[in-house]
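Dear colleague,

Please find below the structure that I am handing over to you. My notes on what was found in it follow directly after.

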Amino acid sequence: MAKAKTLYVCSACGGTSPKWAGQCPDCKAWNSLVESIAEAPPVNRFSGYAGAAGEQGIIELASVQLEPEQKASTGIGELDRVLGGGLVPGSVILLGGDPGIGKSTLLTQTLGLLSQQMSCLYVSGEESPRQIGLRAQRLELNCDRFHLLPETNVERMLAIASHSNPDVMVIDSIQTVYTDLLQSAPGSVAQVRESAAQLVRYAKRSGAAIVLVGHVTKEGALAGPRVLEHMVDTVLYFEGEQGSRFRLIRTIKNRYGAVNELGVFAMTDRGLREVSNPSAIFLSGHKTAVPGSVVMVTREGSRPLLLEVQALVDESRLGNPRRLCVGLEQNRLSMLLAVMHRHAGVVMYDQDVFVNVVGGVRISETAADLPVLLAVLSSLKDRPVPQGTAVFGEVGLAGEIRPVPNGPDRLREAAKHGFKRVIAPKQNLSRKDAEGIELIGVERLDEALEHAFG
Ligand code: TYD
Ligand code: MG
């Protein structure tokens with residue numbers, strides 16, 4: 001028997017190479033080529049990813065029908081928020097997250113609610129109908145019109161779907177789905193990409209909204225090719241700390257709404273419950289002010305959020321002192337420490353610095369700069385920032401405090417939660433937005449440090 005022809009496929013971009021190499025020749029990712037069996041090109045010419053393009057030829061943009069998108073509410077407010085208002089017909093959503101974080105629980109709950117108003121189909125390749133039934137019972141769902149399909153073959157799945165015409169379809173999970181067009185194992189790069197492409201085409205053709213569940217690898221990337229993220233309309237990620245009962249869903253990409261939107265849930269013994277006032281849960285509620293803890297006002301997506309930043313500074317016994325961050329970017333911390341050294345004369349090169357954002361939230365915005373530096377200095381000096389103080393602001397390399405977007409929103413959130421003082425960039429403060437709080441506008445880092453510890 002002839003030896004099967006092999007080929008190396010990049011697990012990051014799906015590119016192929018005839019020989020193994022340490023770096024993918026297409027996307028330059030390291031160590032991403034895996035051996036797989038070379039397959040005959042798919043029979044269908046359009047089998048590659050065609051997206052929503054279709055085959056219409058040239059059209060005038062002015063002639064395109066522009067009805068406003070009908071967004072169907074899922075009945076779960078926090079999920080609607082990350083979706084940008086609700087489910088859009090014909091859209092494809094990718095929901096990623098670690099195993100056991102609650103993807104199947106959330107989608108079972110959602111379909112339980114949605115199936116009362118529209119036709120839904122839950123396609124499961126991972127769990128048996130019995131397991132799903134037990135979960136639905138535990139969640140106390142009304143299962144009367146909950147349609148379930150245990151299936152992993154995408155062609156059969158779509159054949160059944162074209163008959164029952166569901167408005168919403170959940171595929172749990174895309175890694176278990178395979179197509180007859182390819183011979184490789186389910187979960188392989190080619191299978192995931194091709195099956196997803198077929199599902200995307202079905203969604204665009206039929207107008208069904210499809211939610212794909214995707215697994216996350218040890219490194220934190222979605223298993224299978226990154227190309228999945230390009231094919232779908234919306235990418236949602238479950239985040240959360242190990243051991244914490246709070247679960248966050250973040251929008252990574254959304255063709256129908258804002259990105260970085262954050263939905264907050266709590267896992268209970270009856271499934272996921274929405275947390276409608278998340279600011280309250282992320283503050284650890286110290287009775288008195290403690291050194292190394294600063295409350296910041298971040299704005300994740302369209303709502304402001306109060307978060308606690310904690311820092312610990314300790315004398316280092318290492319030649320190369322440690323800088324460790326949880327929930328923040330480490331390079332940013334190194335940069336901020338350098339700014340503090342140069343512009344405020346605070347020496348840190350013989351100190352280990354650890355920074356943590358409480359509650360497992362990841363902050364990507366620069367408004368965290370000033371709170372981080374205040375927390376670090378507070379720990380170093382062993383002096384607390386006075387109780388009832390909230391902080392936000394970007395720190396520039398020249399030691400200036402720069403304004404951040406949506407200042408008034410942040411001030412209102414701080415006032416709502418009873419904060420008495422806000423230290424913020426001068427340009428962000430306007431009198432009329434916040435009554436009853438003392439506003440301290442700062443322009444330079446040393447000025448901010450003086451006000452905080454003055
Ligand atoms: P699951 O939703 O199956 O996670 P995923 O599909 O993302 O892998 O599991 C969620 C976890 O939550 C599981 O460890 C059990 C737990 N859980 C609850 O605490 N309460 C509940 O009501 C349910 C259904 C699950
Ligand atoms: Mg699951």
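The chain is assigned three domains: domain 1 covers 1–41, domain 2 covers 72–276 and domain 3 covers 281–453. These bounds come from an automatic or database domain assignment. Taken over C-alpha atoms, the centres of domain 1 and domain 3 are 46 Å apart.

Before the details, a note on conventions. This is a predicted model, in which local features need pLDDT of at least 70 and side-chain atom pairs count only at pLDDT 80 or more, while totals for chains, interfaces and linings use all residues. Residues are numbered from 1 along each chain as its sequence is written, chains are lettered from A and ligands numbered from 1 in the order in which they are written, and side-chain values use heavy atoms, with hydrogens and water left out.

**The chain as a whole**

The chain holds 11 helices and 21 strands; helices (H or I, at least four residues) and strands (E, at least two) are DSSP runs, numbered from the N terminus. Its C-alpha trace spans about 75 × 55 × 50 Å along the principal axes.

Of the 454 residues, 50% count as buried. Buried means under 20% relative accessible area, exposed means over 50%, and partly exposed lies in between, with a 1.4 Å probe and protein chains only. The accessible surface of the chain is about 21800 Å², and carbon and sulfur atoms account for 52% of that surface. Such areas come from the Shrake-Rupley method with a 1.4 Å probe, and for residues only the protein chains shown count as cover.

Contacts (heavy atoms within 4.5 Å) were also examined along the sequence. Among those between residues at least 6 apart in sequence, 65% join residues at least 24 apart.

The chain carries 47 positive and 49 negative charges, and the mean positions of the two sets are 1 Å apart. Here Lys and Arg count as positive and Asp and Glu as negative, whereas His and the chain ends are not counted. Each charge is placed at NZ of Lys, CZ of Arg, CG of Asp or CD of Glu.

How far apart are the end C-alpha atoms of helix α2? They are 16 Å apart, which agrees with the 16 Å that its 12 residues (103–114) should span at 1.5 Å a residue. The expected span is 1.5 Å times one less than the number of residues.

Helix α2 is mostly covered, with 11 of its 12 residues buried. Among them are K103, L106, L107 and L114. S104, which is also placed in α2, counts as buried because its relative accessibility is 13%. S104 touches Y122, E127, R135 and D172, leaving aside residues up to four places away in sequence. One of these, E127, is 23 residues from S104 along the chain, and their C-alpha atoms are separated by 9.6 Å.

R323 is in strand β15 (residues 323–326), and Q351 is in strand β16 (residues 351–357). R323 counts as buried at 17% relative accessibility, and Q351 counts as buried at 14%. With residues up to four places away in sequence not counted, the contacts of R323 include L333, Y349, Q351 and D352. R323 and Q198, by contrast, are 125 residues apart in sequence and 46 Å apart in space, C-alpha to C-alpha.

**Features in the loops**

Where does S11 lie? S11 is in the loop between β1 (6–10) and β2 (16–17), and its relative accessibility of 30% makes it partly exposed. S11 and L33 are 22 residues apart in sequence, with 6.2 Å between them in space, C-alpha to C-alpha.

A cis peptide bond, with omega about 0°, joins D172 and S173. S173 lies in the loop between β7 (168–172) and α5 (189–206).

D382 is not a glycine, yet its phi is positive, at about 55°. D382 is found in the loop between α9 (369–381) and β17 (389–391) and is exposed, with a relative accessible area of 56%. N406 is likewise not a glycine and has a positive phi of about 60°. N406 sits in the loop between β19 (401–402) and α10 (407–416) and is partly exposed, with a relative accessible area of 35%.

Yours sincerely
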